[in-house]
Amino acid sequence: MTKPPCEIAWFSALCDDDYEFLGRPDPMLASSWDHCRDIVIQAETGGFDNILLPSGYALGIDTTAFAAGIAPMTRQINLLMAVRIGESWPPQLARQIATIDRMCGGRLTINIISSDLPGDKLASASRYARTVEAMHILKTLLDGDPIDHQGEFYQLKVDPPRITTVSGKCPPFYFGGLSPDAREAAAKGCDVFLMWPDKQEVVADIITDMTARATAHGRTLKFGYRAHVIVRETEAEARAYADRLLSKLDAEEGAAIRAKSLDSGSAGVAAQAALRDNAADDGYAEPNLWTGVGRARSGCGAAIVGNPEQVLAKLRMYRDMGIEAFILSGYPHAAEADLFARHVLPHIDHAPLKPRM
């Protein structure tokens, strides 16, 4: 059976996450309107299907404002706007989503982040339960239906906003997290479950588990894979560039960067640390999967490294396992987007994910 095209997305560094040398801030690569706009335009020019606009309260620039600004400047690429649920009131967020979707001609997708309210802290189970309620409210309102919701965290009775998305439906929700609470929240409410890099057998186990969880709730999920990538004409060149990225980093600097992130204590971050700790001495956890990136950032901490054929083979392996969407990135982000677009993207059958019906 022929597989449908997979979605290939890139990453715009809204959260102060762009470097020439990992861990060494560069004023020219700091999060700003100009820099992050240029990454989006580079990704669209290169032919990527989507681009993640990340969000972190303490880092970088505001994602919703950036998405609204960049929306009318793009023509083809989808925008994957990250929204921090703990910082938003769902009816107002629904109106913002519908407005930005109109501004970009119906190309908005949403990355749900189960965040705290800045200055407040909820236990994991409560925080994810609040996220499930919020996703239900957002989907109901953005599907054009009124809602009478009397939940633990939200009590509201409200009509949908007058402005609708272009499709009249809620955009797809992308969502990631590995804790039991996160997995259940995803199974109940998201459309695309995102994973960070791990060994092939671990990825397969996660897909199996999440498929079963979604089935228990009468739902199906698509699966996405978020990773860095370093592609060069030869494997030796790619590995040499990976080594160069870490050539000015010391252990204390890396630890400080990792601790600064709001998700530094999450189950997903712990899994990335374990992947790195158990890798070979050269940092490779398995062929062409390099964990060195995680020495200088929290969150997604590994890169697919190799020549074009090796990178393609790795992506095809994930496709065979059931991955339908990839969110890739590299350092610096604009330059690496161009390299991937020239060396790999033309050889992949790719297109934006089809929305739910």
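Helix H5 (residues 180–189) packs against helix H6 (residues 200–216) at about 55°, with the axes 8 Å apart. H5 and H6 are therefore oblique to each other, a class left over once angles under 35 degrees (roughly parallel), over 145 (roughly antiparallel) and 65 to 115 (roughly perpendicular) are set aside. Axes are lines fitted to C-alpha atoms over the stretch in contact, and angles run from 0 to 180 degrees between N-to-C directions. Helices are DSSP runs (H or I, at least four residues), numbered from the N terminus.

This is a predicted model: local features need pLDDT of at least 70, side-chain atom pairs count only at pLDDT 80 or more, and totals for chains, interfaces and linings use all residues. Residues are numbered from 1 along each chain as its sequence is written, and side-chain values use heavy atoms, leaving out hydrogens and water.

| Helix pair | Angle | Axis distance |
|---|---|---|
| H5 and H6 | about 55° | 8 Å |
| H1 and H11 | about 5° | 9 Å |

In H5, Pro180, Arg183, Glu184, Ala186 and Ala187 meet Ile206, Asp209, Met210, Arg213 and Ala214 of H6. Contact means heavy atoms within 4.5 Å.

H1 (residues 33–46) and H11 (residues 333–343) form the other pair in the table. They are therefore roughly parallel to each other. Ile39, Gln42 and Gly46 of H1 touch His333, Ala334, Ala337, Asp338 and Ala341 of H11.

The largest nonpolar core has 93 residues, and Trp10, Phe48 and Phe340 have the most contacts inside it. Such a core joins buried (under 20% relative accessible area, 1.4 Å probe, protein chains only) Ala, Val, Leu, Ile, Met, Phe, Trp, Tyr and Cys residues through side-chain atoms within 4.5 Å. Helix H4 (residues 124–142) gives the most, with 7 residues.

Methods. Buried means under 20% relative accessible area, exposed over 50%, partly exposed in between (1.4 Å probe, protein chains only). Helices (H or I, at least four residues) and strands (E, at least two) are DSSP runs, numbered from the N terminus.
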